[in-house]
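Here is a short report on selected local features. Please look over the structure before reading on.

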Amino acid sequence: MILDGLKPLYADMRKNNLERCKFKFVYNKVEFEVLYFIDCIPNKLSFGVLEKNFYFEKEVKKGFEITEYIEEYLKLCEILELKFSKDGKFKPFYFFELLNRKIPHNVDSTKKYLPSDGIRHDTRNNEDKIYFFGWLDNKHVNQKVSEENLQKTKAYLGVEAYTMCKRNNISSRWTAKNGDRKDYFLWGSD
């Protein structure tokens, strides 16, 4: 399936030098927060219903192509309060077809993507420290950035941040307190 509704959003993100954005999508009165990542290949769409602790991802390949298959199909039906039936009254195609029509053409600058958005979405994550808190130059403390920290950096801040951290022995720092949250910026660019 081709999500050609992503084309204008992708172009707007490129124009505004953004690698990640978020938008809302409603299906059967259930609100999904959708994150769109263009800093990875293939690109990625992340769908979350935070109140229901539900999350799934879709790869977006070249030409905005996705597969319709949803591994969490039965859970999605439950969240949408749809009854499963073998005659296929609900198909993932219907979900993605409506999404395709509802994708915004422009990034909403009032709903800026924050690293904590990705962490909150990912129900596989059990951490309390979800807010970006800055950088730690490990050379000053005579330590080495951990592989775990590098993977968290890559997942929630992107490939560019991951590469910078790995190359320069920098750790991303995280806090559980929203009030201590810092705006995300690449180390050395402030």
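At what angle do helix α5 and helix α6 pack, and how far apart are their axes? This is a predicted model, where local features need pLDDT of at least 70, side-chain atom pairs count only at pLDDT 80 or more, and totals for chains, interfaces and linings use all residues. Residues are numbered from 1 along each chain as its sequence is written, and side-chain values use heavy atoms, with hydrogens and water left out.

**Helix pair**

Helix α5 (residues 147–157) packs against helix α6 (residues 159–168) at about 155 degrees, and the axes lie 7 Å apart. Axes are lines fitted to C-alpha atoms, for helices over the stretch in contact, and angles run from 0 to 180 degrees between N-to-C directions. Helices (H or I, at least four residues) and strands (E, at least two) are DSSP runs, numbered from the N terminus. α5 and α6 are therefore roughly antiparallel to each other (an angle over 145 degrees).

From α5, the contact (heavy atoms within 4.5 Å) is made by L150, Q151, T153, K154 and L157. From α6 come V159, A161, Y162, C165 and K166.

**Second largest pocket**

This pocket holds about 240 Å³ of space. A pocket is an open set of points on a 1 Å grid over the protein atoms alone, where a 1.4 Å probe fits, with protein on both sides within 12 Å along at least five of seven lines; lining residues have an atom within 4 Å of a point. The volume is the space filled by probe spheres set on the points. Of 13 lining residues, E127, E148, N149, K152 and W174 are closest to the centre. α5 gives the largest share of the lining, 6 residues. Both α5 and β6 (170–175) supply at least two.

Conventions:
Parallel < 35°, antiparallel > 145°, perpendicular 65-115°, else oblique.
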